[in-house]
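Subject: The structure, plus notes

Hi,

Here is the structure I promised to pass on.

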Amino acid sequence: MDRLVDILRFRVMIAPLVLEVLFWGAVGGTLYGAYWLFTHDHWAWWIALIFGTLVARVLFEIALLAFRSYERLVEIRDALQRADGRVDL
């Protein structure tokens, strides 16, 4: 129940989870596109396979960077508060 309250009060972000699901969808789409090119005898299937997955990975890493940075900053804040024995927000 506490987890639900944290989500509803925006203490826990769900966007990183959504981005991970979208990433795997992008990888699946890239694999399907490369397969389609391969079955239609197009020479660029290997380019789509390699660079498509690479570009998807880089784009989603950039998107997740802001969320991961925020999570680490919250951890640092909490550690400093525990060390000082105070509860400032």
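Below is what turned up, starting with the ground rules and then going through rings and charges.

Keep in mind that this is a predicted model: local features need pLDDT of at least 70, side-chain atom pairs count only at pLDDT 80 or more, and totals for chains, interfaces and linings use all residues. Numbering runs from 1 along each chain as its sequence is written, and side-chain values use heavy atoms, with hydrogens and water left out.

**Aromatic rings**

There are three aromatic pairs in the structure (rings of Phe, Tyr and Trp, the last by its six-membered ring, pair if their centres lie within 6.5 Å; planes under 30 degrees apart are stacked, over 60 edge-to-face, and the rest tilted). One of them is Phe-23 with Phe-60, an edge-to-face pair at 5.8 Å centre to centre with 70° between the planes. Phe-23 belongs to helix α2 and Phe-60 to helix α3 (residues 45-84), so this pair ties together parts that are 37 residues apart in sequence. (Helices are DSSP runs of H or I, at least four residues, numbered from the N terminus.) Phe-23 and Phe-60 are both buried, where buried means under 20% relative accessible area, exposed means over 50%, and partly exposed is in between (1.4 Å probe, protein chains only).

Another edge-to-face pair is Phe-38 with Trp-45, at 5.0 Å centre to centre and 75° between the planes. Here Phe-38 is partly exposed at 46% relative accessibility, and Trp-45 is partly exposed too, at 30%.

Ring pairs also join Phe-23 and Phe-60 with Trp-24 in a cluster.

**Salt bridges**

Searching the whole structure gives six salt bridges, each being a side-chain nitrogen of Lys or Arg within 4 Å of a carboxyl oxygen of Asp or Glu.

Glu-61 and Arg-57 are four residues apart in helix α3, so about one helical turn separates them. Glu-61 is partly exposed at 43% relative accessibility, and Arg-57 is partly exposed at 44%.

Arg-11 pairs with Asp-6, with the closest N and O atoms 3.3 Å apart. Asp-6 has a relative accessible area of 22%, so Asp-6 counts as partly exposed.

Then there is Glu-20 with Arg-68, a salt bridge at 2.9 Å, N to O. Glu-20 lies in helix α2 and Arg-68 in helix α3, so the pair ties together parts that are 48 residues apart in sequence. Glu-20 is partly exposed at 35% relative accessibility, as is Arg-68 at 30%.

**One more residue in helix α2**

Thr-30 is found in helix α2, which covers residues 15-39. Thr-30 is buried, because its relative accessible area is 15%. Setting aside neighbours within four places in sequence, Thr-30 is in contact with Ala-48, Leu-49, Gly-52 and Thr-53 (contact means heavy atoms within 4.5 Å).

Cheers

Technical notes. Helices (H or I, at least four residues) and strands (E, at least two) are DSSP runs, numbered from the N terminus.
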